[in-house]
Each structure stands twice: as structure tokens, then as C-alpha cells.
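Thanks for coming. I have a few minutes on one structure, so let me put it on the screen.

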Amino acid sequence: MSSFYPESDVSGTIARLFVYPVKSCAGVEVQEALLTETGLDLDRAWMVVDAQGEFVTQRSQPRMALIRPQIKASEVVLRAPGMLALHLGLDTVEAPAAVTLWGETVPAWDMGAVAAQWFSDFLGQPCRLVRFDPEHQRLSSMRWTGGVEAPNQFSDGFPVLVCSEASMEDINARLWALGHAAVGIDRFRPNVVLAGVQPHDEDRLDMIRLEDSDAEVHLQPVKPCARCPIPDVDPATGETGSVVGATLRTYRQDKRLDGAITFGMNAIVRQGAGSVLRVGQRFAADLRFD
């Protein structure tokens, strides 16, 4: 990488990219994705809510892992076991709504009766599907962004989640040593997976600078990703276990989050909204040791 940030501490490539159109449903692995201010295009653009308008995730509904989106030119198609396909037009909404996400009231657009019935039938409880209102600016915690305004859609709190292949290899080696099967990175729901770094180097990266001929593209890791029970949900079956969380607890307590279990780093888009991220794209970064 002699011509691309030759003085950097760390360099590598983007190994994998994932978009999660519906919050807490399965992801879509892509070869390239448009980077927007709110993360990868269409990421967490839709969300399921209960009868009270409160967001619903795999924490209470692990079967959501079985809902698999497909992104097409003008629509997202959702499929789930025993269900006919649900087609969501990219430019289609029905009525304004107000929903609740982590105690925050967020304006949204309801996707109508057909989508509501589809999710209600599959999840066995009254549900609605909503789309994020792009006119609303929902900001990441400025405590962690250093005062930078970083908007999100329906993500838990930050636009982009970064993990690495090496971190996955590390936890799988630990699982294997304990007599458990390896797990896939889809359990950790990253957007950007890095290759060419050491295990959990993503925890220590300052600014991730992506090679692009047309623009400066910078992702800034800002907060370790505290882990809930979702990594213990098997994406293939929707069944919940305990070994992933138990293994993480043996080595991933993070003092930056008062001992919470973390895996991966939440990042914000500092430069390059409108650029396209691609698998194989090179990156460089310096390490920081806070």
C-alpha cells in the first residue's frame, strides 16, 4: 500500500458488507452498498412495532431472524417460513405514525394493513411495520461522537457497525475449545467486516480511511457495541441458546462501558456520503490507545 496512506498503523480490505432493511430481521449480504449519512443505503429503514408502537426485536421475538429480505430495484421482498412473500415498495408508505425506540418517540410512516397482518401472523402478536421518516433527524449520542451530528434511521444508536474476520475467528476458536460449534458473523449483525487486522483491532482504530478515487471516505469508530442476547439466536432456526454470550463474558468485558460485554465498534460517517463501499476496497487506519 505504498501509495495509499503509507504511514498508517493498520491496513486491509473490506471483506463483507451487510444491509439490514428491516430492523432485527435477517441481513442481506451485498458486494457493494451506497454510503449515506445514516449508514448503508436502506439499512434499518423499516422497523416492526407492537400494538403500542414500541419497537420489536429478536430480544423478544427470535423468530424475526427467519424473516429474510431480498433487495430489488424498486422493492424489498420479505420471505419467511410458511408465509407468502411480502413486497415493500421502496417509495410506498401509507400513513404517518409515531413509534417508540429505546424510549425515544420517532416519527415514521406506517406501511399499511397487509404488512401489519403479515408480521402479526408470523410473530403471533399484533404488529405494524413502519418506515423511517427521512425528514426526521435522529442523532447518535453526542457524548460518544464528540459533538459531531451523526444521523441514524432505526439502528440502535449509530449508523455503521464494524467487525473483523479476525475477531470472529477468535471467538470461534474459543467456542471450539469449549466443545461448541463455530458460529457465523451474521449473529453479530455487522455492516462492514474488515480483513487484514488482528482480533479486535476494530476496538482501537482511530479513523478508517477507505480508498476511493473520487472522494475522501472516512468512517470513525466511536463506541464499543454492547451485546444483548441476540448473538445467541441461531439465524438458521430462530432458536435461542446461551453459549455465545457465555463465551463472550469470559474475555470481552469492556471498561469503557462499565464492564458491559462488547463485540465490534459502532462508527459514524465523517466523510464520503454518496460514495459506494465495495467488497475488496482497501482501508487504512491508525491505532489509538485511550
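I will start with a charge over a ring. Arg 174 lies over the face of Tyr 251, at 3.6 Å from the ring centre. A charge sits over a ring here if NZ of Lys or CZ of Arg is within 6 Å of the ring centre and within 35 degrees of the ring normal. Arg 131 is placed over the face of Trp 46, 4.4 Å from the ring centre.

A word on the source. This is a predicted model, where local features need pLDDT of at least 70 and side-chain atom pairs count only at pLDDT 80 or more, while totals for chains, interfaces and linings use all residues. Residues are numbered from 1 along each chain as its sequence is written, and side-chain values use heavy atoms, with hydrogens and water left out.

Next, strand 14, residues 160-164. Helices (H or I, at least four residues) and strands (E, at least two) are DSSP runs, numbered from the N terminus. Val 160, Val 162 and Ser 164 point one way from strand 14, Leu 161 and Cys 163 point the other way, and all are buried. Buried means under 20% relative accessible area, exposed over 50%, and partly exposed in between, with a 1.4 Å probe and protein chains only.

Which strands does strand 14 pair with? Strand 19, residues 260-271, pairs with it in the antiparallel sense over 3 bridges, and there Leu 161 has Asn 266 as its bridge partner. Strand 15, residues 192-195, runs parallel to strand 14 and is joined to it by 3 bridges. Pairing requires at least two bridges found by DSSP between the two strands. In strand 15, Val 193 is the bridge partner of Cys 163. From strand 14 the chain crosses through helix 3, residues 165-177, to strand 15, and this β-α-β crossover is right-handed. That is, with the strands pointing away from the viewer, the path from the first strand over the helix to the second runs clockwise.

Now the aromatic pairs. Rings of Phe, Tyr and Trp (its six-membered ring) pair if their centres lie within 6.5 Å; planes under 30 degrees apart count as stacked, over 60 as edge-to-face, and the rest as tilted. The count by this rule is 6 aromatic pairs. The rings of Phe 188 and Phe 263 are stacked, because their centres are 4.1 Å apart and their planes at 25 degrees. Phe 188 is in the loop between helix 3 and strand 15 and Phe 263 is in strand 19, so the pair ties together parts 75 residues apart in sequence. Phe 188 is buried, at 0% relative accessibility.
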